[in-house]
Amino acid sequence: MEEDADEEDPVPELTKRHFEEAMSTARRSVTDTEIRRYEAFSQSMKNSGGGSAFFRFPENGADGGAAEQQQNGEGNEDLYD
């Protein structure tokens with residue numbers, strides 16, 4: 001990446017014109033059938049509470065209690081030793 005730092009960026013800023021140009025040649029890649037499947041899936045997730053019935057955070061927080069273990073001097077095992 002150091003070598004790239006010396007080169008001038010040919011497009012230093014993306015503008016609305018860039019997106020308009022890109023969209024002028026873009027093509028649709030999703031079929032009507034796939035859209036209907038997604039919409040049906042989306043509706044089923046809304047009806048079931050968004051899948052939240054199957055999701056639970058760990059009891060000790062998002063890190064599984066790693067912060068608490070660090071404070072207690074536990075969990076200091078080096079994975080690469």
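This report describes the helices, surface and side-chain contacts of a predicted protein model.

Residues are numbered from 1 along each chain as its sequence is written, and side-chain values use heavy atoms, with hydrogens and water left out. Because the model is predicted, local features need pLDDT of at least 70 and side-chain atom pairs count only at pLDDT 80 or more, while totals for chains, interfaces and linings use all residues.

**Confidence and overall architecture**

The protein has a mean pLDDT of 78, and 62% of its residues reach 70 or more; pLDDT is the predictor's confidence in each residue, from 0 to 100. It contains 4 helices and 0 strands, giving the pattern α-α-α-α along the sequence. Helices (H or I, at least four residues) and strands (E, at least two) are DSSP runs, numbered from the N terminus. Among the elements, helix 2 has the highest mean pLDDT (95), whereas helix 4 (residues 66–71) has the lowest (58).

Helix 3 (residues 32–47) comprises 16 residues and spans 22 Å from its first C-alpha to its last, close to the 22 Å expected at 1.5 Å a residue. The expected span is 1.5 Å times one less than the number of residues in the helix. Gly 49, with a positive phi near 90°, follows helix 3.

**Surface**

The accessible surface of the protein amounts to about 8200 Å², and 51% of it belongs to carbon and sulfur atoms. Accessible areas come from the Shrake-Rupley method with a 1.4 Å probe; for residues, only the protein chains shown count as cover. Of the 81 residues, 4% count as buried. Buried means under 20% relative accessible area, exposed over 50%, and partly exposed in between (1.4 Å probe, protein chains only).

A nonpolar surface patch is formed by Val 11, Leu 14 and Phe 19, which together have about 310 Å² of accessible area. Patches are made of residues with over 30% relative accessible area and no salt bridge; like charges are joined within 9 Å, and nonpolar side chains (Val, Leu, Ile, Met, Phe, Trp, Tyr) within 5 Å. Phe 19 is placed in helix 2 (residues 16–24) and is exposed, with a relative accessible area of 53%.

**Salt bridges**

The structure holds 3 salt bridges, each defined by a side-chain nitrogen of Lys or Arg within 4 Å of a carboxyl oxygen of Asp or Glu. Side chains of opposite charge can pair when their charged atoms come close.

| Glu 20 | Lys 16 | 3.8 Å |

Glu 20 and Lys 16 are 4 residues apart in helix 2, so about one helical turn separates them. Glu 21 and Arg 17 also lie in helix 2, 4 residues apart, about one turn of the helix. An α-helix has 3.6 residues a turn, so residues three or four places apart point the same way.

Lys 16 is exposed at 62% relative accessibility, while Glu 20 is partly exposed at 46%. Arg 17 counts as exposed at 52%.

Thr 25 is located in the loop between helix 2 and helix 3 and is exposed, at 66% relative accessibility. A polar atom of the Thr 25 side chain lies 3.2 Å from the backbone oxygen of Ala 22.

Key
A polar contact is a pair of N or O atoms within 3.5 Å; within protein, one must be able to donate a hydrogen and the other to accept it, and residues adjacent in sequence count only if both atoms are side-chain atoms.
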